[in-house]
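Could you read it with the sequence and the model side by side?

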Amino acid sequence: QVQLVESGGGSVQAGGSLRLSCTASVSTISYRCMGWFRQAPGKEREGVAAIYTSGGSTYYADSVKGRFTISQDNAKKMVYLQMNSLKPEDTAIYYCAARRSALSCGEWYKAENYNYWGPGTQVTVSS
């Protein structure tokens, strides 16, 4: 069983930055696809970014490319989401997610492909 806990959410003005952190309670996060999703009120949960922890391949939604960066620290068993140039439409609850051991992050943007989820952290961007 993998437990995930997000931190780093908050309220910022448009153009600002936040860094989200996800801590995993496992012996290692190697050989996993780990992702960040978000869900705004009245909308479906959408994939924001993902990283394959063995190799470091990264994946991004078009809406965040060039603004968000996903990274990992395998030794600390943490995954980060650096969010720059935030926009009001980035306002949502952000969730960290992980798959069981995997060979890739195929279809990384599909929530049903992830086995474990954190409780979420709120990000609010004001105009």
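The points below take up strand pairing, aromatic contacts and disulfides in turn.

1. Basis of the note. This is a predicted model, in which local features need pLDDT of at least 70 and side-chain atom pairs count only at pLDDT 80 or more, while totals for chains, interfaces and linings use all residues. Residues are numbered from 1 along each chain as its sequence is written, and side-chain values use heavy atoms, with hydrogens and water left out.

2. Strand 4 and its neighbours. Strands here are DSSP runs of E of at least two residues, numbered from the N terminus, and two of them pair if DSSP finds at least two bridges between them. Strand 4 (residues 33-39) pairs in the antiparallel sense with strand 5 (residues 46-52) over six bridges, and C33 stands opposite Y52 in that pairing. The two strands form a hairpin with six residues between them, where G42 in the turn has a positive phi of about 80°. Strand 4 also pairs in the antiparallel sense with strand 9 (residues 92-98), over six bridges, and there F37 has Y95 as its bridge partner. Six of the seven residues of strand 4 are buried, which is to say under 20% relative accessible area, with exposed meaning over 50% and partly exposed in between (1.4 Å probe, protein chains only).

3. Rings of Phe, Tyr and Trp (its six-membered ring) pair if their centres lie within 6.5 Å; planes under 30 degrees apart count as stacked, over 60 as edge-to-face and the rest as tilted. There are five aromatic pairs by this rule. The rings of Y95 and W117 have centres 6.4 Å apart and planes at 80°, so this pair is edge-to-face. Ring pairs join F37, Y95, Y114 and W117 into a cluster. Y95 is buried at 11% relative accessible area, whereas W117, at 27%, is partly exposed.

4. The disulfides. With a disulfide taken as a pair of cysteine sulfur atoms within 2.5 Å, the count comes to two. C22 and C96 have their sulfur atoms 2.0 Å apart, and the torsion about their S-S bond is about -75°, so this disulfide is left-handed. The sulfur atoms of C33 and C105 are likewise 2.0 Å apart, but here the torsion is about 115°, so the disulfide is right-handed. Because C33 lies in strand 4 and C105 in the loop between strand 9 and strand 10, the pair ties together parts that are 72 residues apart in sequence. Both C33 and C105 are buried.

Notes. Helices (H or I, at least four residues) and strands (E, at least two) are DSSP runs, numbered from the N terminus.
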